[in-house]
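Open the model in your viewer and keep the selection tool at hand.

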Amino acid sequence: MTKELPFNKEKLDKILEQYPTPFHIYEEKAIIENAKRFLKAFEWNKDFKEFFAVKATPNPFILKILKEVGFGADCSSLTELLLAEKTDITGEEIMFTSNNTPAEEYEKARELNAIINLDDISHIPFLAEHGGIPNLISFRYNPGSRREGNFIMGNPSEVKYGFTKKQIFIGLKELDSKGVQRFGLHTFIASNQLDLQYFVDTAEMMFKLAVEVKERLNIRLEFVNIGGGIGIPYHPEEEAVDLELMGRGIKLKYEEIIKGNNLHPLAVYMECGRMITGPYGYLVSKAIHKKDIYKKHIGLDASMNDLMRPGIYDAYHHITVMGKEEEAKTETYDVTGSLCESIDRFAVDRKLPKIDVGDTFVIHDTGAHGHAMGFNYNGKLRGGELLLREDGQVIEIRRAETVEDYFRTLDFEKLKKFKQ
Ligand SMILES: *Cc1c(COP(=O)(O)O)cnc(C)c1O
């Protein structure tokens, strides 16, 4: 099984002449095409909006590409709000979905006129104090462990997010009585989900909730946000979610429930991260060591601080060894980084062609939750981020970290006087 790459060995070798490994490289054309396809699947919903989950790939160049296609930004921290602002994404182009929110974040979100999506009923007075209650507000709904229709969830009642159903009604009633005029509801309960039925079921649950809100409180919602969580086929044998089919499935529920109850128009919002950029990013690294002990190990010049999904989630990321695409996968290797951590591995017992030191490894599907989850444990510095433009040019959209970056938070002058 193979996976496509947007470059061949010759092209990548050219890039490597200019940019040393490791780095993540993103493919602009594929990101744009995929984003447009996503919007098209929802074009039946006039006010449909996708707020890209900034945490997946918090790079302003990526945000700008997506903004141009018509996406907003889903932010959940002060820095993410600032990133959106620096990319000229402001106002209702920002969905601020945070939890356990610090006061300064609400203040910034209010300053930017972002759509505020409250995570808890106690945040109503908290927001009133820090930034003030806006005229448009959303609540995050946690449906608990109850089943709604054929909707089967993990166990939302075990997680920290959102309002209970009872609290949704109490909160809406309270803000309605205080003169708030525009309301939305949000939920987010799936992660890396490849079964489109989950999203149809989530939409159905939210549409029914909109009807109930109208019936019990006489409040007409302006939008429902059905969250992110669409999965991607990390494994070559998995299949991507059929966006058109998902869009049509949600449309049918919309017609039945929303139009059927005279609640049309209602905007549908989503805040996907992974499926927007995930498949269009690659971590490029070189084999620097081979060792043969109880198992065979290939050591790369990247470590889990460049990509921690395999280490912490045991996640599969496909690997292509450049120039050896057609060779038989006769060897079994663990592919490792150089942290002093046994989970610092990109692959375990992976069938690969025979590897030589110096081989270029391309690790697939790192365009979301890849570089973003990087960290500096063991004093490891994060590599940079490159963008392969539509015209074939490559630009650096974030340089690699340097030792100076790592030391920037330390004061060695102060150290000289310390314990003298
Ligand atoms: C992480 C997150 C997302 C995006 O999830 P993906 O799996 O990347 O689609 C969306 N909304 C919220 C609130 C999140 O925390």
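Contact here means heavy atoms within 4.5 Å. The model is predicted, with local features requiring pLDDT of at least 70 and side-chain atom pairs pLDDT 80 or more, while totals for chains, interfaces and linings use all residues. Residues are numbered from 1 along each chain as its sequence is written, and side-chain values use heavy atoms, without hydrogens and water.

**Domains.** Colour residues 28–272 as domain 1 and 279–401 as domain 2; these bounds come from an automatic or database domain assignment. Their centres, taken over C-alpha atoms, are 33 Å apart.

**Interface.** Select the touching residues: 20 from domain 1 are in contact with 19 from domain 2. The two domains bury about 1,800 Å² between them, with 60% of it on carbon and sulfur atoms. (Buried area is the accessible area, with a 1.4 Å probe, that two parts lose on being put together, summed over both.)

Next show the side chains of Arg389 and Glu28, which form a salt bridge at 2.5 Å, N to O. The term requires a side-chain nitrogen of Lys or Arg within 4 Å of a carboxyl oxygen of Asp or Glu. Between domain 1 and domain 2 the count is one salt bridge. Nine residue pairs across this interface are in polar contact, both residues at pLDDT 80 or more. A polar contact is a pair of N or O atoms within 3.5 Å; within protein, one must be able to donate a hydrogen and the other to accept it, and residues adjacent in sequence count only if both atoms are side-chain atoms.

On the domain 1 side, select α2 (28–40) and α3 (60–69), the elements that give two or more residues to the side touching domain 2. The most come from α2, with six. Helices are DSSP runs of H or I, at least four residues, and strands runs of E, at least two, numbered from the N terminus.

**Cores.** Which residues touch the most other members of the largest nonpolar core? Select Phe38, Leu118, Phe139, Phe207, Ile230, Met246 and Met270, out of 83 residues. A nonpolar core joins buried Ala, Val, Leu, Ile, Met, Phe, Trp, Tyr and Cys residues through side-chain atoms within 4.5 Å. Helix α8 (197–217) supplies the largest share, eleven residues. Apart from it is another core of 16 residues, including Leu300 and Tyr333.

**His318.** Finally, select the loop between α11 (309–313) and β12 (319–321), where His318 lies. His318 counts as buried because its relative accessibility is 5%; buried means under 20% relative accessible area, exposed over 50%, and partly exposed in between (1.4 Å probe, protein chains only). Its side chain makes a polar contact of 2.7 Å with that of Tyr316.
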